[in-house]
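Visitor: I am new to this structure and would like to understand how its descriptions are reached. Could we look at it together, term by term?

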Amino acid sequence: MTTMRTLVRDGARRTGHAAAARARALRSRWRGWSRWRKSLVVALAALSVVLVPVGSAALALRLQYVGDPSPEARSRGRDALWLGHAWVDGRKSDADVAALAERLAGTGVRDLYVHTGPLEHDGSLPPAVHPRARWFTEAAHRALPGVRVQSWLGDEVKPERDALDLKDAATRDRVTASARQVLDLGFDGVHFDMEPIRPGSAGWLALLDQVRAVTAGRGAKLSVAAPQIDPLPYQHTIAIALTDHGKWWDQAYFTATARRVDQIAVMTYDSSMPTEGFYGAYNAYQTELALEATPAEVDLLMGLPFYWEDKWGHLGRAETVPAGIRGIRLGLGRQDPHRPNFGVGLYVDFAATEQNWADYRRDWVR
């Protein structure tokens, strides 16, 4: 036993001497390097500290796109379509409404978000911006029985823009009056798209409480377009600190918003994803996060890009309808395949192509 202890001790001593010799050799080599070479090594080491976790996160995200979508992850007949301002300003006719009805026949579209604003920066809504709103609500109700027509109202907001101030009670009162105004025109609901709302904004939540009382009293719906959810913890905080721009919400604020509305539609486009695979994976992850954060009684819609752009933040070759739908189906199938209150939101009618509609019907509609 003593001999064994001695052998182990001697072996450890020799190993320690060898390690010390290697360390001395490395220090000697380091001292012999030029300043430029030392700076390069330090820079590469620092870069690896950043790239390794980023690469791991990218790999984990891409794996979200692996597998087959659940057969149950298809349209529930609760989809929505954003419609441009031409429907209420006089550019559209009865023939256009008939064509829209034909376009939507056999799809899952139940809600139309019709751009009726924009709101003024004080929250008011001049009637002159939507002179044909009453005509459209009546024509749409005749041509599309069972489809709800919601008034899409929006504006940019403070503090990032010198526009709508939701912290101001008088401004919120005027927005609420604008909601009553559009309901008087025959709309079945109010759809807010106000950007960029920063997570934690108490004024936004107060506005929703105020308007929800109005819509509920009229038997109408309140819906909102919402930002994407933080793909990494505190990403919205970091982004605001570095760029003074808030792109994401945390799940808690998403839930606080969803509890105050009948529908919440996530704007899952302009994702900055580089390829179809990453965009589909991102949609799968966003779908899972949104399902976790949305109460079961609230309609959750995941946005799809019915438009083409090729710029930083939105690469048309990556953000395709098939990739978006496959990702949404994967996320829905993993998280809650039988949830009834779920759909997709199609943005936007005036930029949509025949291929967009064909992809939506083939990949999502039963």
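Visitor: What share of the residues of the chain count as buried, and what makes a residue count as buried?

Guide: Of the 366 residues of the chain, 49% count as buried, where buried means under 20% relative accessible area, exposed means over 50%, and partly exposed lies in between (1.4 Å probe, protein chains only). This is a predicted model, in which local features need pLDDT of at least 70 and side-chain atom pairs count only at pLDDT 80 or more, while totals for chains, interfaces and linings use all residues. Residues are numbered from 1 along each chain as its sequence is written, and side-chain values use heavy atoms, with hydrogens and water left out.

Visitor: How many helices and strands does the chain have, and how is each defined?

Guide: The chain has eleven helices and twelve strands; helices (H or I, at least four residues) and strands (E, at least two) are DSSP runs, numbered from the N terminus.

Visitor: What makes a set of residues a nonpolar core, and which residues have the most contacts inside the largest one?

Guide: A nonpolar core is a set of buried Ala, Val, Leu, Ile, Met, Phe, Trp, Tyr and Cys residues joined through side-chain atoms within 4.5 Å. The largest such core has 75 residues, and those with the most contacts inside it are Leu112, Phe136, Phe192, Met194, Trp204 and Phe254. Helix α6 (residues 202-218) gives the most to this core, with six residues. In soluble globular proteins, nonpolar side chains tend to be buried together.

Visitor: Why is Tyr234 called exposed?

Guide: Tyr234 has a relative accessible area of 60%, and therefore it counts as exposed. Tyr234 lies in the loop between β6 (228-229) and α7 (235-243).

Visitor: What makes Tyr234, Ile238 and Leu242 a nonpolar patch?

Guide: Patches are made of residues with over 30% relative accessible area and no salt bridge, with like charges joined within 9 Å and nonpolar side chains (Val, Leu, Ile, Met, Phe, Trp, Tyr) within 5 Å. Tyr234, Ile238 and Leu242 form such a nonpolar patch on the surface, with about 400 Å² of accessible area together; accessible areas come from the Shrake-Rupley method with a 1.4 Å probe, and for residues only the protein chains shown count as cover.

Visitor: How do you know that Asp184 forms a salt bridge with Arg218?

Guide: A salt bridge is a side-chain nitrogen of Lys or Arg within 4 Å of a carboxyl oxygen of Asp or Glu, and the closest N and O atoms of Asp184 and Arg218 are 3.1 Å apart. Asp184 lies in the loop between α5 (169-183) and β4 and Arg218 in helix α6, so the pair ties together parts that are 34 residues apart in sequence. Asp184, with a relative accessible area of 46%, is partly exposed, and Arg218, at 40% relative accessibility, also counts as partly exposed.

Visitor: Are Asp111 and Arg148, which meet in a salt bridge, buried or exposed?

Guide: Both Asp111 and Arg148 are buried, and their side chains meet at 2.8 Å, N to O. This pair links distant parts of the chain, with Asp111 in strand β2 and Arg148 in strand β3 (residues 148-156), 37 residues apart. Asp111 and Arg148 are also linked with Arg78, Arg110 and Asp299 in a network of salt bridges.

Visitor: Why are the buried residues of helix α11 said to lie on the same side?

Guide: The buried residues of helix α11 (residues 354-363) are Asn356, Trp357, Asp359, Tyr360 and Asp363. They cover an arc of only 160° around the axis, which puts them on the same side of α11; the arc is that of the directions from the helix axis to the C-beta atoms. What covers these buried residues includes β1 (79-83), α3 (94-104) and β12 (342-347).

Terms used: Contact means heavy atoms within 4.5 Å.
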